[in-house]
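Trainee: I would like to learn how to read charged side chains in a model. Where do we start?

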Amino acid sequence: MDPILECYIEESQGTEIIANPQHYLVAEDQVYINKQTISEVMKRYAFLREFCFVAKRSSPTCYYLKCATENCSWVFKSSCLNNSKLFKVRKFYDTHSCPLKDRIQSKRQSTSGVLGAMLVEKYVDLKTVYTPTDIQADMLRIHGISLTYMQAWRGKKKAFETLRGDPAESYGKIPTYLYILEKTYPGTIVNYKKADENHFLYSFTALDASIRGWEYCRPIVVVDGTHLKSTYEGTMLIASTLDPRGHILPLAYGIVDSENDDSWLWFFENFKNAFGEREDMCFVSDRNKSIWNATAAVYPEFRHYACIYHIWTNLLKKTYRDT
Ligand SMILES: [Zn+2]
């Protein structure tokens, strides 16, 4: 810990330093670890008590709040402790003189922001299913707060943004990610294609380990595509093979808009650039027409077989239909 901060903690004479932004009880003379924490605590405080405040003064050294309803007696004053980052509650008058109905109507505070911060922990585990309806029920049961479905939905969206960032911004990071991947694993081959207006269209990755491993494997390339469940959906294209022990070795993967002639052609052109050609090389896939068109264009001298799994499922479906 910062030695100056440590010194001020000592000076605060054993007062507990509150660092938890979920802290519930607010009182005069409390000391908070920084302004950010005190601000989050107060937003949550107001949200749970269903009123809104406005900042009368807010600077790196002070944080004064008053009720959003005109002429109300509720007031909160805090300021930094001896020029440190610690914030102390100097005055807290927690009684409203404003009518309850005005208080509820003046919801200027961002409900989704505060709710989102409260929900973050719920969504840390990717497998958690916690719907806006669940949020509505829990907020009513635990805090006595009634939310509309849209408020709960926005709160959930906000929590997701806090945890995973904005999906649109994540796409902007792909070129940097691919560059670092290439630098970290020399020999790795990556490519990236943008559509008009600088929008992401395709990406291709073949790791160095896959490229080196390929020459020790059977020259069979199995390809397929799978749907992505992200905000912008899209499709992941994958090429893999079998190593001498019969284990799957992933060779390359790509992210594209969908399985179509252009996307598969671009994928195979990049695949050829990374893996070249080998004697008796062949391709295995389902009967997606675009895959067959792409191998015919990029690898015209090599054979392409339909995966037996798909042949059998189609045959079974046919037999089932015919009986
Ligand atoms: Zn008030």
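Mentor: With salt bridges. Side chains of opposite charge can pair when their charged atoms come close. This model is predicted. A search of the whole structure finds 4 salt bridges.

Trainee: Which side chain meets Asp 138 in a salt bridge?

Mentor: That of Arg 141, at 3.1 Å from N to O. Look at the spacing. Both residues sit in helix α5 (residues 132–143), 3 residues apart, so about one helical turn separates them.

Trainee: Is Asp 138 buried or exposed?

Mentor: Buried, because its relative accessibility is 17% and the cut-off for buried is under 20%. Arg 141 is exposed, with a relative accessible area of 62%.

Trainee: Which residue forms a salt bridge with Arg 212?

Mentor: Asp 208. The closest N and O atoms of Arg 212 and Asp 208 are 2.9 Å apart. Asp 208 counts as buried, at 17% relative accessibility.

Trainee: What does Glu 277 pair with in a salt bridge?

Mentor: Lys 272, with the closest N and O atoms 3.1 Å apart. Glu 277 is partly exposed at 40% relative accessibility. Lys 272 is partly exposed too, at 29%.

Trainee: Which residues form the positive surface patch?

Mentor: Lys 56, Arg 57, Lys 77 and Lys 91. Patch residues have no salt bridge and over 30% relative accessible area. Take Lys 77, in strand β5 (residues 75–80). Its relative accessible area is 31%, so Lys 77 is partly exposed.

Definitions and conventions. Residues numbered from 1 in each chain as written. Predicted model: local features only at pLDDT ≥ 70, side-chain atom pairs only at ≥ 80, totals over all residues. Heavy atoms only, no water. Patch = residues over 30% accessible without salt bridge, like charges linked within 9 Å, V, L, I, M, F, W, Y side chains within 5 Å. Areas by Shrake-Rupley, 256 points an atom, 1.4 Å probe, with all protein chains shown as cover. Lys, Arg positive; Asp, Glu negative; His and termini not counted. Charge placed at Lys NZ, Arg CZ, Asp CG, Glu CD. Helix = DSSP H or I, 4+ residues; strand = E, 2+ residues; numbered from the N terminus. Buried < 20%, exposed > 50% of the residue type's maximum accessible area, 1.4 Å probe, protein only.
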